[in-house]
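Hello,

Here is the structure I promised to pass on. Please have it open while you read, and my notes on what was found in it follow below.

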Amino acid sequence: LPGASIAGVDVGGMDRDDAIAAVKEAVAPQLTREVTVAYEGKTWSVTPEELGARSDARAAVDAALAASEDVTFVEKARMRVLGEALEFERDVAVRYPRKGIRGFVAGIASSFDREARDASLDYSTGWVEIVDDRRGRKVRLAATVSALTDALESGTDRAELVVERVDPEVTTDAFRQVLLVHIGENKLYLYEDGEIVREWTVATGEPDYMTPTGLFHVTEKRYMPTWVNPAPDGWGASMPASIPPGPGNPLGVRAINWSAPAIRFHGTSALYSLGYNASHGCVRMSNADVIELYDIVEVGTPIVSIVYGPLRPLGSSIPAGPTAEQSADSTDDARAAETEATDA
């Protein structure tokens, strides 16, 4: 009947199909408008229709028809004579399905979420490279779905992607200092902030008592250490149970313990052994050098130990044993455990 209005469209005099088509055309911009989800310069756009939004245009038209049918013959005659209208007016509701909105946000998250990456050491080349840490990120699904729903229902064209930052457990600060032991070359290098700042000539384990290889860290710094015989029934049978600090102490004036069992940097008076594979597993240094290292290095400092070049057994000019190409990130714990590396 005349006077029927749906979503601002005068549908008076229209049949059902024409009325539905007219109302749908009127609300189409609401369904096809572009809404943008944004985060720090990144954007993702979608229309309500793509999310599965639908209007109740059909139901509204049916309600107008029902209201028209409820008008009596007398009332219709009065309307014709006096020019009165039905006075039926209704807006069209748009339904935004939460499933479609959630699916759209989940799709963003699948490509946007990023695991945090811990900083690490790459020593595959024989030298130390620090792999930087990276902060992770994770879309807060429920909060973003709520923000996008609010934008759709309020008619705004922008919603913020709600993101949680995920910090790595290990940052590059953990590698401010790194010690690199080259078994075979028999050199010790100190890295600070990724650059070599010191190097020393050392003695590492002889072929039968190899210095363990892999990644370790400094566990303890010992000032004027006491040597305790690790093998009183073996190679240390001819030695005392312990030797106090002093000139005859096999550990020298300082000892810096590794996380590998019974392995340490320590001083020695046997300077002739430096540059060779001569110890029972530990890394010998001159007393002056080990004092310098003791004063610089911190507990917790990472230690990288690798075979780099052919071994140089003390007393032999012929290289023996594995080369750099044969080195691996593995530790022979059993061997390390039986070799206190006190280097009498």
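**The sheet with E1 and its helix**

Helix H2 (residues 57-69) lies across E1 and E6, and the helix runs at about 165° to E6. Angles here run from 0 to 180 degrees between N-to-C directions, with axes as lines fitted to C-alpha atoms, for helices over the stretch in contact. Helices (H or I, at least four residues) and strands (E, at least two) are DSSP runs, numbered from the N terminus.

A word on the source before going further. This is a predicted model, in which local features need pLDDT of at least 70 and side-chain atom pairs count only at pLDDT 80 or more, while totals for chains, interfaces and linings use all residues. Residues are numbered from 1 along each chain as its sequence is written, and side-chain values use heavy atoms, with hydrogens and water left out.

E1 sits in an open sheet of three strands with the order E2-E1-E6 and mixed pairing; two strands pair if DSSP finds at least two bridges between them. Strand E2 (9-10) and strand E6 (88-90) are at the edges with a single partner strand each, so one side of each has no neighbour in the sheet. Strand E1 (residues 4-6) and E6 run parallel and are joined by three bridges, with Phe-88 in E6 as the bridge partner of Ala-4.

**The sheet with E3**

There is also an open sheet of three strands in the order E4-E3-E11, again with mixed pairing. Its edge strands are E4 (42-46) and E11 (158-160), each pairing on one side only. From one strand to the next, the twist averages 25°.

How many bridges does E3 make with each partner? Strand E3 (residues 35-39) pairs with E11 in the parallel sense over three bridges, whereas five bridges join E3 to E4, and those two run antiparallel. On the E11 side, Thr-36 has Arg-158 as its bridge partner and Val-37 has Ala-159. On the E4 side, Tyr-39 stands opposite Lys-42. E3 and E4 form a hairpin with two residues between them, and Glu-40 in the turn has a positive phi of about 45°.

Is E3 buried or exposed? Five of its five residues are buried, so E3 is largely enclosed by the rest of the structure. Buried means under 20% relative accessible area, exposed over 50%, and partly exposed in between (1.4 Å probe, protein chains only). In a regular strand the side chains alternate between the two faces of the sheet. In E3, Val-35, Val-37 and Tyr-39 point one way and Thr-36 and Ala-38 the other.

Thr-47 counts as buried because its relative accessibility is 13%. Leaving aside neighbours within four places in sequence, Thr-47 is in contact (heavy atoms within 4.5 Å) with Leu-31, Thr-32, Arg-33 and Glu-34.

**Helices on that sheet**

Helix H5 (residues 141-154) lies across E3 and E11, running at about 165° to E11. In H4, the buried residues are Ile-101, Phe-104, Val-105, Ile-108, Ala-109 and Phe-112. Seen down the axis of H4, these buried residues fall within an arc of 140°, so they line one face of the helix; the arc is that of the directions from the helix axis to the C-beta atoms. They pack against E3, E4, strand E10 (136-139), H5 and strand E12 (163-166). Lys-99, Ser-110 and Ser-111 are exposed on the other side of H4.

**Helix H6**

Which residues of H6 are buried? In helix H6 (residues 287-296), they are Val-290, Leu-293 and Tyr-294. Seen down the axis of H6, they fall within an arc of 100°, so they line one face. Ala-288 and Asp-295 are exposed on the face of H6 turned away from that buried side.

**The protein as a whole**

The protein has seven helices and 24 strands. Of its 344 residues, 42% are buried. Among contacts between residues at least 6 apart in sequence, 68% join residues at least 24 apart.
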